[in-house]
Amino acid sequence: MMLFAHFRMLGTTSKQGVSQNAHKKLRFLPGIVYIDEGGVVGLSKEMRQKTAFELQELFTTTGFPFYILPLEQVLELPTSVVMPVQQQSEPVTGAYKAAVDHFLLHGRKNDVSPEEQENILPCDVNESQTCALQQLIGSAKTLTAREDLLNTLRHHLLVHTARSKGYSKLMLGDSCTRLAVKLLISISLGRGAQLAQDVGFSDSRYGDVISVRPMRDYSAKEIAFYSHMFNVPYVSVPSLHTKTQDKASIQRLTESFVTKLQTDFPSTVSTIYRTGEKLQTAGRSSSAAADGSRCLLCLCSLDTVTDVASALQATLISEQLSHTKIQGPESELSTAEEYCSIKGEGTCRGTGGGVVCCSSAKEVDTPDLRELMCYSCQLTIKDMSSIHHLPHYILSEAQRRHSRSLMREEIREFLLDADEDD
Amino acid sequence: MPALCSNCSEKRAMLKRPKTGHSLCKLCFFFAFEEEIHQTIVAAKLFKPGETVGIAASGGKDSTVLAYIMKLLNERYNYGLKLMLISVDEGITGYRDDSLETVKRNQQQYELPLKIVSYEELYGWSMDAIVKQVGLKNNCTFCGVFRRQALDRGAIMLRVDKICTGHNADDVAETVLMNVLRGDIARLRRCTAISTASEGDGVVPRCKPLKYAYEKEIVLYAYFKKLDYFSTECIYSPNAYRGYARTFLKDLESIRPSSIIDIIHSGENLSVREGVKMPVQGTCSRCGYISSQALCKACVLLEGLNRGLPKLGIGKHHRLHEKILSQQPLTENEEKKLKSGDF
C-alpha cells in the first residue's frame, strides 16, 4: 500500500491507473496524506481550517482514503520513529507475480470507507501544542536551520503515519527541478554522504517504510503544463520561506540560483539531475555498522568517522586552535563569566572539564547530541539556541543511545563481537 | 571594554576569524593559521624529508602566502625540504607581466630559486593571441590546460619531486560546485583529493597544502604580515562559467560561513555508483603526456589553434582525433562547426 504525500498530478494518474478498466493497471492501494504546517508558518486557525476544507473536497473526489494531519502531532511521536529498523527482505520475483495475481483475483481488501477515516482538522489542535511547535522551530536561529528542522520533523511524521496506518511505501512528489535544487542544497549543507538517499528514486533509511519519488523525471514546467491541460485542481499553501529574500536561507538562495542559471543554460537542471543519478550512498558507512551508527535526526549513516586528513578533521583542529582552555560553546562561556563575576567568584575558567558553575549542566547535553548526529544535522543543532525544545521522542532516544554506549564502554573487553547490532 | 582574544585572553582581539567566528589577536591568528596548514601537511603526509618541492607561484595572494608559509614551516618544523619557485608566463599583457614582477621580488625576499616558463616558448601561442582567435567565452579552457602542462614541464626542467599549488578552500568548493553543474562525474570524484597520484613519466605529483584555508583568511594573513602580492583579477575571467559558481559560493558564505568547508566535506564523501563509465588513464600518441583519449587536450587545442579552428577541443570531438593523428583533412561541414562564432 502506498501513501501519497504531494498530491496534484500523482493522484490523477493514480486514479486513472487504479480503475479496473485502464490498460496499464497500477497494482497497489493508495492513500493520501497531507501535513498541515500552518502553525509554523503563522497562519490563523481560520486560514488553516479553510485550507483543510478545500483539501478535503479535493481528496474526496479521488475516492482514496486520506489523512489531514497537523504538524503539531510530531510532538507526540513515539521513539520508534528515530530508531533504525531492519529492512524486510524483498520477495523473490516468482513469489511477486503470484502475489499480484492473487491481489487482482480477490479484489481490494482493507478498503477504508470515508466515515472510518480519522482526520484531525486544525480546529481540533491544542493552542499550547502550536505554541510548543513554534518555540521549537523558533529556537533555530537561522532560516536555513529552521527549514532543515522542519523537513526532518515532517518526514518523521510522514513515516510514522505510513507505519501506523499500515502502508509500506511513501510516495513523494518531488519533480526533476526540485530534486536538482535539493541536490545542490544537500551539497551546500554538507550532506554529500547522504545524497543518494536524499535525491535518489528510493530511500530506505527507515527500513520498513520506503520513500519513493516517481515524479523525478518530470520537470516543473512539464507538470505545470499537464496540470493546466488536464485541469488538475490544486491548493496553494505558504511555506516557511515564501516571500523571503534571495539570501534569507541556503535553500532559498539555491532555488533562485538554479532557476536563474537554467534560463541562461537550459541544460542545467537535467545535468545536475543526471549527476545525482550516478551517485550512491558512501561506501564506508555500510562497513561501519556498529551499534546503530545512524544519525539521530535524519537516520542516515553517520559520516563523522574522522579520517586522518579530511574537512571534518580540519574543522575540529580550527576549533581547538581558536578557542583553547575552555570546553563548550563561546556564548555559554560568556554567560558563565558574567554570572560568576556577578557572584564575585572571579574567573571560573578551569583547566578542562571541571567547571563547577551554572553552565556545566548545559555543556553536558550539547556535546552528547552532536556525537549522535551526522555532519549536517550537527550544523542544524549548532544553530539552535537550546536543544531542550526538541520533541520528547528525540531527546529520550538520545538518552537511550548514550546509556547504551556507556554500558558498552564498561563491558568492552568482554564482548567478543565488536559490531553488535542494536 | 574591547574584546579579548579568545585564545590567549591577554591581548586585545584584532580580527574576527571568517572560518570560526572567534575573535583573535594578531599573534594567535598567525599561529592558528600556520598550525592548521602544518596539521594538514602532516595528516595527509604530503612531503617526505629530502624532497625538492616546486611552489607554483603566480604572484597572487595564494601563492605568495603559500611560499611564505612553506618556507616558515620548513624551518620551524624541519621538514627537510628544498624549496623552489616555478612561475608560468601566459602572455597576458597588463596582468601577467605585472604579477611576474611580484614573483621576482618574492624570489629575492624569500631567497628561493625561480624558474619561469612561458606559453610562447612551449606552445608558440600567448594568451593574448589565443583570445584573438577564440573569443572571450572559452579561453579559460585553453589557459587552464596549457598551464597544467607548463607547470609539469617547468618542474621536470628543475627536477623537482613534487609541486605544491596555492589552491584554497574556496577554490576547491567552487570546483565541486562547478563539476556538479557541468555533470563531470570523473572530476567530481578527484577534485577534493589533496594530492594527485604519482604515476607516469612526464607527470609530477602535486598537492594543495592550503586546501582547508579560507580565501578571506589568506588575505587577512597577508595583510597583517604585510606580504607583497599582486591583487588584480585576470582581465579575461569575467565571462567564465566558473564565475557563476563563485558568486553562488560567496552568497552561501555570507549566509553560513562554514558552507565552504561543508561543501568540501560533501565532496569528500561523494561516492559513485558502480557501472558508471569512467575515463581510463593512458598516454597521448603525439606528445606522450598523460591523457584519457588518443590525443591529450593540449595537443587537440593546439591543433585547433594552428589550423584556425578554435572550437576543436571545446565540446565533444573524440571522433576527429584519429583524423588529426593521421593528418587527414577535415570535411567542410566539420570545419564550419569548428570555426569560432562568439566574441
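## T275(A) at the chain boundary

T275(A) sits in helix α11 of chain A, which spans residues 268–277. The model is predicted. Is T275(A) buried or exposed? T275(A) counts as buried, because its relative accessibility is 2% and the cut-off for buried is under 20%.

Which residues does T275(A) touch, leaving aside those up to four places away in sequence? The partners are V180(B), G183(B), I185(B) and L188(B). Each of these partners carries the chain letter B.

## The interface of chain B and chain A

The contact between the chains involves 48 residues of chain B and 54 residues of chain A. The size of an interface is often given as the accessible area lost when the parts come together. Here the buried area is about 4500 Å². Carbon and sulfur atoms give 63% of that area.

Polar links cross the interface too. The rule finds 13 residue pairs in polar contact there, both residues being at pLDDT 80 or more. The rule also finds 2 salt bridges across the interface. D251(B) pairs with K247(A) in a salt bridge, and their closest N and O atoms are 3.0 Å apart. Several elements of chain B supply at least two residues each to the side that touches chain A. They are α1 (26–43), α7 (169–182), α8 (185–190), α10 (242–255), α11 (259–268) and β8 (271–272). Which of the elements gives the most to this side of chain B? It is α11(B), with 8 residues.

## Chain A as a whole

Chain A has 422 residues, and 46% of them are buried. The chain holds 17 helices and 7 strands. Take the contacts in chain A with a separation of 6 or more: 76% of them join residues 24 or more positions apart.

The accessible surface of chain A is about 21500 Å². Carbon and sulfur atoms account for 54% of it.

## A nonpolar patch on chain A

Which residues make a nonpolar surface patch of about 370 Å²? They are F225(A), M229(A) and F230(A). M229(A) belongs to helix α9 of chain A, residues 220–229. M229(A) is exposed, because its relative accessible area is 58% and the cut-off for exposed is over 50%.

## Salt bridges within the chains

Side chains of opposite charge can pair when their charged atoms come close. Over all chains, the structure holds 41 salt bridges. R205(A) takes part in a salt bridge with D198(A), with the closest N and O atoms 3.0 Å apart. R205(A) also forms a salt bridge with D203(A), again with a closest N to O distance of 3.0 Å. D198(A) and R205(A) are both buried. D203(A) is buried as well.

In chain B, K61(B) and E215(B) meet through their side chains in a salt bridge of 3.0 Å, N to O. K61(B) lies in helix α2 (residues 61–76) and E215(B) in helix α9 (residues 215–224), so the pair ties together parts of chain B that are 154 residues apart in sequence. K61(B) counts as buried, because its relative accessibility is 19% and the cut-off is under 20%. K61(B) and E215(B) also belong to a network of salt bridges.

Methods:
Residues are numbered from 1 along each chain as its sequence is written. Chains are lettered from A and ligands numbered from 1 in the order in which they are written. This is a predicted model: local features need pLDDT of at least 70, side-chain atom pairs count only at pLDDT 80 or more; totals for chains, interfaces and linings use all residues. Side-chain values use heavy atoms; hydrogens and water are left out. Patches are made of residues with over 30% relative accessible area and no salt bridge: like charges are joined within 9 Å, nonpolar side chains (Val, Leu, Ile, Met, Phe, Trp, Tyr) within 5 Å. Accessible areas come from the Shrake-Rupley method with a 1.4 Å probe; for residues, only the protein chains shown count as cover. A salt bridge is a side-chain nitrogen of Lys or Arg within 4 Å of a carboxyl oxygen of Asp or Glu. Helices (H or I, at least four residues) and strands (E, at least two) are DSSP runs, numbered from the N terminus. Buried means under 20% relative accessible area, exposed over 50%, partly exposed in between (1.4 Å probe, protein chains only). Contact means heavy atoms within 4.5 Å. Buried area is the accessible area (1.4 Å probe) that two parts lose on being put together, summed over both. A polar contact is a pair of N or O atoms within 3.5 Å; within protein, one must be able to donate a hydrogen and the other to accept it, and residues adjacent in sequence count only if both atoms are side-chain atoms.
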